[in-house]
Amino acid sequence: MRRRVKAGAGRDVATLLSDFGHEVPRLPQEAPAPKEPRLFRHTPRGGALRAGRGHGPVTAPVASWRMTSEQAPVFWPFIAAPGLPPTGAQMGIDELSGGSFFADPLGWTLDDSVPVTNGNIFSFGKPGRGKSGTTKAFCLRMMDFNYRTLVCGDPKDEYEPLCRALNVEPFAVGHGMPTRINPISFGPLGEGWADLTPQEAQRRASIVFGRWLTLVRGLVGSQKIGDKHVPFGPTDETVVKAALQILTGYSSGQSQLVEVTIPELWELLNNPTAQLIEDCRYSSERHFWDETRLLRDALGQLVSGALAGLFDDHTTIQVDWKAPIQSLSLSRLEPLGDEAVGIALTCVNSWARGMREMSSPGDLRIVVRDESWKQLRLGTEAVKSFDADLRLSRTHGDIQFAVGHKPSDLLSAGDAGSQAVAIAKDLLHLADIKILLGQDAGVADELERLLELGPIARRLVTGWGMQGKGRAVWCVGEQMYKVQTVLHPIEKDLTYTNDAIAAAA
């Protein structure tokens, strides 16, 4: 009897052979496995059509975008920036990746995969947001990698506990103190001058006199006539350079140069020799006096003004450059005002630059510039001096670490649109690494205008960064990282800066 086959179903081979009397052995069929109960059921795109299930009559509009993996980080922080190599100081936690964040500015400079061309750092943050803790932790942890720290002026004595913890006694500059700094000392370049070849002597002389001119230009430019800074033009530069060459014996070809001080320079300008008048191409002594009156009066204010006796004599300290840290305390100058502290910072920075002019390869140093805005407010020439320090950092193997309150501190260097402000704004481009700690919402426009931060990073600085100490957005070139600095209990004690407030409470 033939089997009826459902129309359209067709016959398989076994059924076909059976129709012609050939039975094919069949394999026993296994019983179907019991179905497991479903834990989850598919929900329609519009949601379940039941009360409390969020049903929507239409689906939510979703925009579709197509981009490359290089363009995707635009949606940061949902997509983390490329990771940095795990070298240098372990600063804390990278909140985006959940891993550790390491800071290695000079290592980044040498690594072509990191968009950094210099190791300079600007750190901005509202007081109390952890600037000091982050800075000191960085300096302390980089000592494990043969870095030393030089604090070029500590206006608030914040680094003294750190120095003493490392068995280093900081130097203090102030009236009644024995410490004297000669900002126009030769430094290491003056050693062994008699044994130098004429070419090497000329090379060193150009460096030394150039550093001195930069300093004198900044000191003279810091003085004011009314609301205008004293100008320092090419003629003044010629006079100062000629006077310094006469005082040191360089113009007469002496084999051993003599170290001079600012009062000696001022005295020669007040009582010019016939050689100085002739070298500067003045017709008479009266002509010289008339043309250099502003220059002499400005230098006279430095000799007899508020800082008299501090930076107008030969250096009286011997700095151990092999120590892990050295600091020059300027807190005793605070009663003299911000201008006096700014002038002192200019003198100390020039002296420190001279001490580093013969640094050996591998002598790596972190140069901390605390309260740097006070120096920038001295005018165009002081800003140029700061600019020179940043530009020379790669030559000396230094990391210039400038600390300020907010980016607009740089705009206080002069009037809007002035040369000083233009140069100060360009300083931001000489530091490829910026640490942005918590700021008030009112600073958001500055972050956008001066640093070109996006809206997400700006909200992190003014929101997340204000909710805890040590929270910062690290800008490493064009890459940004959301970092929480983590301090050891011992480091917390060394970086605590609220002793005065705590004692009053």
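**Local features of the predicted model**

The model is predicted. S327 lies in strand 8, which spans residues 325-329. The relative accessible area of S327 is 1%. S327 is therefore buried, as the cut-off for that class is under 20%.

Helix packing was examined next. Two packed helices are described by the angle between their axes and the distance between the axes. Helix 7 covers residues 262-270, and helix 10 covers residues 293-304. Their axes lie 10 Å apart and form an angle of about 145°. The crossing of helix 7 past helix 10 is left-handed. On the helix 7 side, the contact is made by I262, P263, L265, W266, L269 and N270. On the helix 10 side, L295, R296, L299, G300 and V303 take part.

Helix 7 also has buried residues, namely I262, L265, L268, L269 and N270. Several helices contribute to their cover. Among them are helix 5 (198-221) and helix 6 (234-248). Helix 8 (274-279), helix 9 (285-291) and helix 10 are also included. An α-helix has 3.6 residues a turn, so residues three or four places apart point the same way. In helix 7, I262, L265 and L269 are listed as buried. I262, L265 and L269 also belong to the contact with helix 10.

Two loop residues have positive phi values. R281 is placed in the loop between helix 8 and helix 9. Its phi is near 65°, a positive value in a residue other than glycine. R281 has a relative accessible area of 67% and is exposed. E452 is found in the loop that runs between helix 16 (444-451) and helix 17 (455-462). The phi of E452 is near 60°, again positive in a residue other than glycine. With a relative accessibility of 65%, E452 counts as exposed. The cut-off for exposed is over 50%.

V24 sits in the loop between helix 1 (13-19) and strand 1 (89-94). The relative accessible area of V24 is 37%, so V24 is partly exposed.

Key:
Residues numbered from 1 in each chain as written. Predicted model: local features only at pLDDT ≥ 70, side-chain atom pairs only at ≥ 80, totals over all residues. Heavy atoms only, no water. Helix = DSSP H or I, 4+ residues; strand = E, 2+ residues; numbered from the N terminus. Buried < 20%, exposed > 50% of the residue type's maximum accessible area, 1.4 Å probe, protein only. Axes fitted to C-alpha atoms, helices over the stretch in contact; angles between N-to-C directions. Left-handed = near helix turned anticlockwise from the far one by under 90°. Contact = heavy atoms within 4.5 Å.
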